[in-house]
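Trainee: Can we go through this model together? I'd like to start with how the strands pair up.

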Amino acid sequence: MKFMQEDKQQNANQTAARNKLMTALILLGIVFFIFATNHILSAILGNFTSTFHGVRTGYTGSEDKGSFSANYLSLNGTIRKKITPKGNALHISVTTKSGTLTIEIRDAEDRVIFDAACSETEVYDVPVSGKVTILIKADNHNGNIEIQSEP
């Protein structure tokens, strides 16, 4: 009788350990699936969303494959955005209440075609051809930025 109870307890412990292992493997599989799907879709469709590294407060924004806009109380960090303009120029408007913001635009060959440091309200019209990458670096910037395709 004592051996049967020990056998049952040992089986229960093995089952619990197996269940924990299976749960961990399933969760790992789900994370891998999400990661792989994101990268596959980005490769097929192109990455039209922005990536952000840093801290932002009071942030609202919108974007599509040809434009980007953001309004915030404080932005510290880097935004990278790929844009495929509808025309042959980008209209960039930056409003600065405080802090600084730099904008760099690179063409498809990774050449810098535009570079500006903004510490006040600025407006730029930048001639572009094809898909470009926009790199925005903010240092305690309070204000907004809008980038629109120009036909």
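Trainee: Which residue is the bridge partner of Ser-93 in S6?

Mentor: Quick housekeeping: this is a predicted model, where local features need pLDDT of at least 70, side-chain atom pairs count only at pLDDT 80 or more, and totals for chains, interfaces and linings use all residues. Residues are numbered from 1 along each chain as its sequence is written, and side-chain values use heavy atoms, with hydrogens and water left out. Now, strands are DSSP E runs of at least two residues and helices are H or I runs of at least four, numbered from the N terminus; two strands pair if DSSP finds at least two bridges between them. Strand S4 (residues 89–106) and strand S6 (residues 122–127) run antiparallel with six bridges, and in S6 the partner of Ser-93 is Val-123.

Trainee: How many bridges pair S4 with S7?

Mentor: Take Thr-102, whose bridge partner in S7 is Lys-137. Thr-102 also has a bridge partner in S5, namely Ala-117. The S4 and S7 pairing is antiparallel, and its bridge count is 16.

Trainee: Which residue in the turn between S4 and S5 has a positive phi?

Mentor: S4 and strand S5 (residues 112–118) pair in the antiparallel sense over six bridges. They form a hairpin with five residues between them, and the turn residue with a positive phi, about 70 degrees, is Asp-110.

Trainee: Is Ile-103 buried or exposed?

Mentor: Ile-103 is found in strand S4. Contact means heavy atoms within 4.5 Å, and among the residues Ile-103 touches, beyond four places away in sequence, are Ile-92, Phe-114, Leu-135 and Ile-145. Buried means under 20% relative accessible area, exposed over 50% and partly exposed in between, with a 1.4 Å probe and protein chains only. Because its relative accessibility is 0%, Ile-103 counts as buried.

Trainee: Which backbone oxygen does the side chain of Asn-142 reach?

Mentor: Asn-142 lies in strand S7 (residues 132–150), and it is buried, with a relative accessible area of 18%. Not counting residues up to four places away in sequence, it touches Tyr-72, Leu-73, Thr-95, Thr-96, Lys-97 and Ser-98. At 3.2 Å, the side chain of Asn-142 reaches the backbone oxygen of Leu-73.

Trainee: Last one: is Leu-21 buried or exposed?

Mentor: Leu-21 sits in helix H1 (residues 2–45). With a relative accessible area of 51%, Leu-21 is therefore exposed.

Definitions and conventions: Polar contact = N/O pair within 3.5 Å; in protein donor to acceptor, adjacent residues only side chain to side chain.
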